[in-house]
Amino acid sequence: MKKILEAKDKQLNAEQQISLLLILATFKSLTEQLYNIKGAHKGILKKRFNLVMATFRSYERELDTTWFKNNTQAIEDLHDALTDMIYTLRNAVLTENKDKL
C-alpha cells in the first residue's frame with residue numbers, strides 16, 4: 001500500500017493515521033457549522049459554546065502544525081466532502097420539513 005500520510009509520529013499505524021486525518025477534516029467541518037450558529041446562545045450556554053470552539057481550534061492548530069503539514073490537500077478534500085455532505089443533508093431536512101418549520 002502506498003504511503004498516503006507523512007507524519008512526525010511514526011508510532012501510528014496506517015489505520016490510525018487515516019483516523020486522525022478524518023478527525024481533523026471532521027473538526028474543520030464541525031467548526032464551520034458551529035460558526036454558522038455563533039451568537040445564537042446567551043449566558044452559560046454561550047460560555048460553553050465558546051469553550052468548545054476554542055478547544056476545537058486549539059486541537060486543529062496543533063494537528064495542523066505538528067502532524068499534517070504535508071497532507072493539506074488530503075485534509076481539504078476530506079473537509080470539502082464532509083461539508084458538502086452536511087449541506088446536502090441539511091437541505092434535504094429543510095425541504096422535507098418546510099411545512100413544519
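Thr83 lies in helix α3. In this predicted model, Thr83 has a relative accessibility of 7% and therefore counts as buried, since the cut-off for buried is under 20%. Beyond its neighbours within four places in sequence, Thr83 is in contact with Ser29 and Glu32.

**Overall make-up**

- The protein has 3 helices and 0 strands.
- Read from the N terminus, the order of elements is α-α-α.
- Helix α1 covers residues 14–36, helix α2 covers residues 43–66, and helix α3 covers residues 72–96.
- Of the 101 residues in the protein, 24% are buried.
- The accessible surface amounts to about 7600 Å², and carbon and sulfur atoms contribute 58% of that area.
- Among contacts with a separation of 6 or more, 74% are between residues 24 or more positions apart.

**Glu32 and its surroundings**

- Glu32, one of the contacts of Thr83, is found in helix α1.
- Which residues does Glu32 contact, leaving aside its neighbours within four places in sequence? They are His79, Thr83 and Tyr87.
- Thr83, one of these partners of Glu32, is a residue of helix α3.
- Glu32 has a relative accessibility of 28%, so it counts as partly exposed; that class lies between the limits of 20% and 50%.
- Thr83, by its value of 7%, is buried.
- Glu32 and Met53 are separated by 21 residues in sequence, and their C-alpha atoms are 9.9 Å apart.

- Is Glu76 buried or partly exposed? Its relative accessibility is 34%, so Glu76 counts as partly exposed.

**Positive patch**

- A patch of positive charge on the surface brings together Lys38, Lys42, Lys46, Arg57 and Arg61.
- Arg61, one of the residues in this patch, is located in helix α2.

Conventions:
Residues numbered from 1 in each chain as written. Predicted model: local features only at pLDDT ≥ 70, side-chain atom pairs only at ≥ 80, totals over all residues. Heavy atoms only, no water. Helix = DSSP H or I, 4+ residues; strand = E, 2+ residues; numbered from the N terminus. Buried < 20%, exposed > 50% of the residue type's maximum accessible area, 1.4 Å probe, protein only. Contact = heavy atoms within 4.5 Å. Areas by Shrake-Rupley, 256 points an atom, 1.4 Å probe, with all protein chains shown as cover. Patch = residues over 30% accessible without salt bridge, like charges linked within 9 Å, V, L, I, M, F, W, Y side chains within 5 Å. Salt bridge = Lys/Arg side-chain N within 4 Å of Asp/Glu carboxyl O. Lys, Arg positive; Asp, Glu negative; His and termini not counted. Charge placed at Lys NZ, Arg CZ, Asp CG, Glu CD.
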